[in-house]
Amino acid sequence: MATALVVLAAGKGTRMKSDRPKVLHEVAGAPLLAHAMRAGASIDPVRTIVVAGHGAAAVEAAARAWDPEVEVVLQAEQLGTGHAVDQCRSALADFDGDVVVLYGDTPFIRPETLAAMQAARATHDIVVLGFDAADPGRYGRLKMSGQSLEAIVEFKDASEQDRAITLCNSGVIETDAKGLFSLLEAVGNDNASGEYYLTDVVGLARARGLTATVVTCDESETLGVDSRAALVDANAIYQARARTELIAAGVTMLAPDTVHLGFDTVIGPDTVLEPNLVFGPGVTIENGATIRAFSHLEGCHVARGAVVGPYARLRPGAELSEDTRIGNFVEIKNAQIHAGAKVNHLSYIGDAELGEKTNVGAGTVTCNYDGVFKHRTTIGRNVFVGSDTMLVAPVTLGDDSMTATGTVVTEDVPEGALALGRARQVNKPGLARRMFEKLKFAKAQRDKDTE
Ligand code: UD1
């Protein structure tokens, strides 16, 4: 059956104490909203609708960045979760299928859990995702009768007896669109919060003779982020999960707790991660690479057998081919480093291409920026770039060429040529010794005068 995903993201999130809408706070470098949308994408929805309110323009932009096909509807006033879903009524007027409602601030619902809900829909009209809460707090309580869900009671409206129930509502619900909007017509706001509760649809459905049930998941999946402290917890949960998955998939981590992964980090088996690494967005690493300690990577690709670090920085557009070596205190940005090339020490390579087996000496800099424009440096195959070479872009070094140490390259270097561009050295015999004597004498005089 076709499914439409509805992601509620209109809330302000006052407890975040932030100008940013709550769903745009990040876990592992991606907004909470993107995590929720990624979770929802696992059910392969034919439509995805985000309900935006606070900071709607920014929320819409973030939603589109994740899924360009997303539809965004506005909930100008936040009158409750039922009211929020009801904003999709006209968008889904002709939709004949199921609706799954997720919250934009709940990033950890697993695909298996949503699949279990879909399976339960075969036998029930409404399926709600519940969890057994260690501390049920202010969650809505699920009132069961055997396997049948009879009603959801919000904490504020619950009796003492209902509050003793520990089976809680996660907020995720699945039912058919037509039935849902018909039930929502009957939802009022005569309750302790004065809100239109989505949760009321369950009791209303039961009264109409429809069936409802609960699928349960672990509490960690339903963690909603509504404070900075919860954001810290969410990051920790995400990192722990992502590391465990990578290790299970064949990645070696010497100190997993010190590896900070990005939302979309991809790492192949047999890659070794040393301690203290940060992966920003957009990093892919093939099999059998080694990322050595204290390196920072974002927006880059590292091919098989490459060795990066220690203390390396790969910035967006860094593309390392097989068996390349990027060493300590080296920064690579928007540059293709072809197979077997080495940049081992203290260098900046930006807006550049390095040919196969080229070796870049210590302290080399591609001077790519003139203060206004960026320029490219192109270096051919088997080139030997001497230490402390300044490559003033735009500039090209031909295959098999060489630059002498300390050269400032301002003109293209032809294939096979040696570029030598530094001041000529002159040796003055005995001058150093005479100067030392002079200086030592001057110092002795000064010390005597100050005695
Ligand atoms: C809701 C449930 C409660 C459940 C809890 C789980 C209702 C009435 N209650 O509580 O049973 O245990 O979630 O966390 O549904 N939102 C909007 N527009 C609104 C109101 C909310 O978009 O007008 C969004 C929020 O941005 C958030 C989500 O809906 O992403 C949940 O809202 P929140 O206020 O956190 O949940 P409660 O209503 O307290």
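Which residues of α1 are buried? They are Leu32, Leu33, Ala34, His35, Ala36, Met37, Ala39 and Gly40. The model is predicted. Its domain assignment gives domain 1 (3-222) and domain 2 (250-419).

**Domains**
- Domain 1 covers 3-222 in the assignment, and domain 2 covers 250-419.
- Between the C-alpha centres of domain 1 and domain 2 the distance is 46 Å.

**Helix α1**
- Helix α1 spans residues 32-41 and is mostly covered.
- Of its ten residues, eight are buried.
- Among the buried residues are His35, Met37 and Gly40.

- Strand β8 takes in residues 141-145, and strand β9 residues 148-153.
- The two strands run antiparallel, and five bridges join them.
- Lys143 has Ala151 as its bridge partner in β9.
- Two residues separate β8 from β9 in the hairpin.
- Gly146 sits in the turn, with a positive phi of about 65 degrees.
- In a regular strand, side chains alternate between the two faces of the sheet.

**Surface patch**
- Phe294, Tyr311, Phe329 and Leu346 make up a nonpolar patch on the surface.
- Together these four residues have about 420 Å² of accessible area.
- Tyr311, one of the patch residues, lies in the loop between β21 (307-308) and β22 (312-314).
- Tyr311 counts as partly exposed because its relative accessibility is 39%, between the 20% limit for buried and the 50% limit for exposed.

Notes. Residues are numbered from 1 along each chain as its sequence is written. This is a predicted model: local features need pLDDT of at least 70, side-chain atom pairs count only at pLDDT 80 or more; totals for chains, interfaces and linings use all residues. Side-chain values use heavy atoms; hydrogens and water are left out. Domain bounds come from an automatic or database domain assignment. Patches are made of residues with over 30% relative accessible area and no salt bridge: like charges are joined within 9 Å, nonpolar side chains (Val, Leu, Ile, Met, Phe, Trp, Tyr) within 5 Å. Accessible areas come from the Shrake-Rupley method with a 1.4 Å probe; for residues, only the protein chains shown count as cover. A salt bridge is a side-chain nitrogen of Lys or Arg within 4 Å of a carboxyl oxygen of Asp or Glu. Helices (H or I, at least four residues) and strands (E, at least two) are DSSP runs, numbered from the N terminus. Buried means under 20% relative accessible area, exposed over 50%, partly exposed in between (1.4 Å probe, protein chains only). Two strands pair if DSSP finds at least two bridges between them.
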